[in-house]
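Welcome! Take a look at the chain below, and then we will walk through it step by step.

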Amino acid sequence: MSQPIAVNTNGTMTALWVPAIANTAAPKVTELNAGTVLDLSCYLTGDGLTTETSENTIDDPRLCSKQIFEARGDFTDTMELTYVFNPASPDDDEARIALAPGTQGNIVLRWAVDFEDAIAVGDLVDVYPVEMGIQRKNTPARNSVHKITQKPFVIGSVQRDVAVVAGP
């Protein structure tokens with residue numbers, strides 16, 4: 001077996017704020033490229049996108065066994081964002097403005113494809129239906145930039161690796 005080719009993470013991630021998607025299991029290319037969509041990719045810091053899934057365990061003890069078996073339980077998807085902000089320049093502060101606490105929409109993630117490549121039919125994306133939490137300004141640090149950390153609360157089923165479809 002030959003060694004698999006890995007994809008460098010630098011510049012190969014796209015993160016979009018999409019206010020509305022009719023069917024999160026089949027997002028349309030027109031929905032992901034609409035004028036209401038905000039590309040968060042250049043607002044997010046290098047470590048500013050955290051996604052996590054935790055899966056619970058169901059214990060399955062049996063009278064006949066000394067071993068306790070396990071079964072898959074329910075699971076929780078969580079996310080946290082850290083991004084730059086600039087209240088003195090609204091054109092450089094779109095993320096903070098668009099992601100106001102209580103705002104509902106979708107965070108769409110495209111993994112391992114050059115950021116410069118436009119979203120296209122057939123691209124695989126993850127869709128997180130969310131409601132935005134409180135914007136927490138990070139403590140300022142020397143030789144750094146001002147940042148906000150914010151929790152998007154997952155409010156619907158996360159769609160993983162769904163293909164972008166054509167649409168009007």
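## Before we start

Contact here means heavy atoms within 4.5 Å. This is a predicted model, in which local features need pLDDT of at least 70, side-chain atom pairs count only at pLDDT 80 or more, and totals for chains, interfaces and linings use all residues. Residues are numbered from 1 along each chain as its sequence is written, and side-chain values use heavy atoms, with hydrogens and water left out.

## The overall layout

The chain holds 2 helices and 8 strands, taken from DSSP runs (helices are H or I, at least four residues; strands are E, at least two; both numbered from the N terminus). Reading from the N terminus, their order is β-α-β-β-β-α-β-β-β-β. The C-alpha trace spans about 70 × 40 × 40 Å along its principal axes.

## What lies inside

How much of the chain is buried? Of its 168 residues, 32% count as buried, meaning under 20% relative accessible area with a 1.4 Å probe, protein chains only.

A nonpolar core is a set of buried Ala, Val, Leu, Ile, Met, Phe, Trp, Tyr and Cys residues joined through side-chain atoms within 4.5 Å. The largest one has 19 residues, and W17, L40, L81, Y83, L99, I107 and Y128 have the most contacts inside it. At least two residues of this core come from each of β1 (13–18), β4 (68–84), β5 (104–111) and β6 (124–137). Another core, of 12 residues, lies apart from it and includes V29, V37, I119 and V127.

## A closer look at L81

Leaving aside neighbours within four places in sequence, L81 is in contact with residues including L44, L99, I107, M132 and I148.

Notes
Buried < 20%, exposed > 50% of the residue type's maximum accessible area, 1.4 Å probe, protein only.
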